[in-house]
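Subject: Structure for you to look through

Hello,

Here is the structure I promised to pass on. Please open it next to this message and follow along; my notes come after it.

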Amino acid sequence: MLKTETPSERHADLDQYPVPELVNAFIDDQVHALQAVRGAAERIAQAVTAAVPRIAGGGRLVYVGAGTSGRLGVLDSVELFPTFSWPRERSVGLLAGGQQAMFESVEGAEDSLEQGRLDVEGVGVGPNDVVMLLAASGATPYVMGALEAARAAGALTIGIANNPAAPVTLGAEIAITLNTGSEVISGSTRLKAGTSQKIALNTLSSAIMVRLNKVYGNLMVDLQPTNAKLFRRAISLTMRATGSDEDTARRALVACGYQVKVAIVAILKKVDVAVAEARLSRAAGSVRRAIADAP
């Protein structure tokens, strides 16, 4: 039996726990999610290193999964645009059962090997793309079909599973095993298995974006201000990065259409928006290099 399906021996009387003990059982078990990701840190770093050149060369991040795993992939995918101004068309989430499955269970969708193949082929996966294949069991047919098609297309394949020696990790170019073991509720991988996948995906995509110059120091300088909160954040980030007052930051941001990177370079180098944009272009989007480079 798969470790993720094996009932936990620690909680055989879960249904009889008083509420405080019940709550603590669920919370305490989540510690193992972080430990599992720490155990996979070397492989995650390997995945980031392999992914960056492909993405820098015009590739896309493609997430594939079913159920909780698939929804976590979609979540990571859609958040890259507001966080890093990552083009929506370069971040693709494929979920067994399609968009409907984001909101409700689509029975049997994960069992179709062929649909996994078709979905990957349907988005035109190619050699520059990075395909992350998520399956708690590590053997979901939909994900295995997608893996087969992604490998045939020459994409970088990253298999992420919660069981050792899982088919999806054995078949992928880079294997990330998040060995979370049994769940408090047997087989409910929306618990710590899901938590570990969320941590791994956050780490993978964020590290890739840092390497693509989407961050200055630890500041989110390539965000897309799509609401009032993010407009305020853009102003505060510009002020923090430049030491300027709010009026100076706001004027610079208005002049460049609220592109925080451009505003920072314009303020620090005392140049206009066009010059700041040119400096960033020469520096491949790196604020640090754009500031350091000679005029």
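The side chains of asparagine 162 and glutamine 197 make a polar contact of 2.9 Å. A polar contact is a pair of N or O atoms within 3.5 Å; within protein, one atom must be able to donate a hydrogen and the other to accept it, and residues adjacent in sequence count only if both atoms are side-chain atoms. A polar atom of the asparagine 162 side chain also lies 3.0 Å from the backbone oxygen of leucine 178.

Before going further, note that this is a predicted model, in which local features need pLDDT of at least 70, side-chain atom pairs count only at pLDDT 80 or more, and totals for chains, interfaces and linings use all residues. Residues are numbered from 1 along each chain as its sequence is written, and side-chain values use heavy atoms, with hydrogens and water left out.

Helices (H or I, at least four residues) and strands (E, at least two) are DSSP runs, numbered from the N terminus. Is asparagine 162 buried or exposed? Its relative accessible area is 0%, so asparagine 162 is buried. Buried means under 20% relative accessible area, exposed over 50%, and partly exposed in between (1.4 Å probe, protein chains only). Leaving aside neighbours within four places in sequence, asparagine 162 is in contact (heavy atoms within 4.5 Å) with residues including Thr4, Ala135, Leu178, Ser196 and Gln197.

Tyrosine 63 is in strand S1. With a relative accessible area of 1%, tyrosine 63 is buried. Not counting residues up to four places away in sequence, tyrosine 63 touches Gly73, Asp76, Ser77, Val92, Met132 and Leu201, among others.

Gly73, Asp76 and Ser77 are among the buried residues of H4. How far apart are the end C-alpha atoms of helix H4 (residues 67–78)? They are 17 Å apart, which agrees with the 16 Å that twelve residues should span at 1.5 Å a residue; the expected span is 1.5 Å times one less than the number of residues. The buried residues of H4 pack against strand S1 (61–65), helix H5 (80–84), strand S2 (91–95), strand S3 (130–135) and helix H9 (192–211).

Two items involve rings. The structure holds one aromatic pair. Phenylalanine 231 and tyrosine 258 have ring centres 4.9 Å apart and planes at 80°, so the pair is edge-to-face. The rule is that rings of Phe, Tyr and Trp (its six-membered ring) pair if their centres lie within 6.5 Å; planes under 30 degrees apart count as stacked, over 60 as edge-to-face and the rest as tilted. Phenylalanine 231 lies in helix H10 and tyrosine 258 in the loop between helix H11 (246–255) and helix H12 (260–269), so the pair ties together parts that are 27 residues apart in sequence. Phenylalanine 231 is partly exposed at 33% relative accessibility, while tyrosine 258 is buried at 15%. Separately, the charged end of arginine 88 sits over the ring of phenylalanine 81, 3.7 Å from its centre; this requires NZ of Lys or CZ of Arg within 6 Å of the ring centre and within 35 degrees of the ring normal.

Helix H10 (residues 228–242) also holds threonine 242. Threonine 242 is buried, with a relative accessible area of 16%. Its side chain makes a polar contact of 2.8 Å with the side chain of serine 244.

Of the 295 residues, 48% count as buried. The C-alpha atoms fill a box of roughly 65 × 50 × 35 Å, taken along the principal axes.

Regards
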